[in-house]
Every structure is written in C-alpha cells, then in structure tokens.
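Here are some friendly notes to read alongside the model. Keep the structure open and look up each residue as you go.

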Amino acid sequence: MYAIVRAGGRQEKVSVGDTLLIDKVSGQAGDAVELTPLLVVDGTTVTSDADKLSKVSVTAEVVKAAKGPKIVIMKYKNKTGYRKRQGHRQPLTQVKITAIDA
C-alpha cells in the first residue's frame, strides 16, 4: 500500500516506514503530523475520489529538523566593480511515515 501526498507544495509517493524531507513544519521531534492524501493505491484498488480520500489519513512523525543544500547567489556587473555574494539554506523537516489508514 502506498499513497501520493501533498507535502510542502510538492507531491511525494510514500508508504509506511519511509522517511522524507519536506518543507519546515512546526513541531518538535516525536510530534505527529497529518499529510493530505491525493491518491491511495492498495493492491489493485486505486482511490482518487475526494469523498473517499477525506476518510483516509496519512500520519507522519517528525524525526528532526534539517537544512537543504547550500545555494550560492552571485550578482556581478561588468566594469563597475559591483560584486555581491549571498548564500541560502532552506529549512526542512525530516519525517517518517507511521500509518496510512484507509
């Protein structure tokens, strides 16, 4: 059994026991997070109807806070001596899928 869930503006394929990185969610390690299912596949049964999906719950547990890869932003203008260097690391949260209740 697996599900396609919406997690932080992206869609992720998850099954019980998977760990994944999603956009930062509030909560400490060990807290439960509810993810929105978009599609559930159980063997040959595919559920995509909104009414049936409202009864499905995908629960995840927060494992730890994490950061994405370093992105270097460089601005440069020729012949004027203007250079600007900036970096960014996106805050993320690592979660572990604990249950898919259909």
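1. Let's start at Val14, which touches Tyr2, Ala3, Val5, Leu20, Val58, Ile97 and Ile100, leaving aside residues up to four places away in sequence. Contact here means heavy atoms within 4.5 Å.

2. Before going further, please note that this is a predicted model, in which local features need pLDDT of at least 70 and side-chain atom pairs count only at pLDDT 80 or more, while totals for chains, interfaces and linings use all residues. Residues are numbered from 1 along each chain as its sequence is written, and side-chain values use heavy atoms, with hydrogens and water left out.

3. Which residues have the most contacts inside the largest nonpolar core? They are Ala3, Val14, Leu35, Val58 and Ile97, in a core of 17 residues. At least two residues of this core come from each of β1 (2-7), β3 (19-23), β4 (32-42), β6 (57-67) and β9 (91-101). A nonpolar core is a set of buried Ala, Val, Leu, Ile, Met, Phe, Trp, Tyr and Cys residues joined through side-chain atoms within 4.5 Å. Buried means under 20% relative accessible area, exposed over 50%, and partly exposed in between (1.4 Å probe, protein chains only). Strands are DSSP runs of E, at least two residues long, numbered from the N terminus. In soluble globular proteins, nonpolar side chains tend to be buried together.

4. Now find Tyr2 again: the charged end of Lys13 sits over its ring, 4.3 Å from the centre. For this, NZ of Lys or CZ of Arg must be within 6 Å of the ring centre and within 35 degrees of the ring normal.

5. How many salt bridges does the structure hold? There are two, a salt bridge being a side-chain nitrogen of Lys or Arg within 4 Å of a carboxyl oxygen of Asp or Glu. Arg10 forms one with Glu12, with the closest N and O atoms 3.5 Å apart. Asp23 forms a salt bridge with Arg10, and here the closest N and O atoms are 3.7 Å apart. Asp23 lies in strand β3 and Arg10 in strand β2 (residues 10-14), so this pair ties together parts 13 residues apart in sequence. Through shared partners, Arg10, Glu12 and Asp23 join into one network.

6. Finally, look at strands β7 (residues 71-77) and β8 (residues 82-88), which pair in the antiparallel sense over seven bridges. Strands pair if DSSP finds at least two bridges between them. Gly87 in β8 is the bridge partner of Val72. In this hairpin, with four residues between the strands, Lys79 takes a positive phi near 70 degrees.
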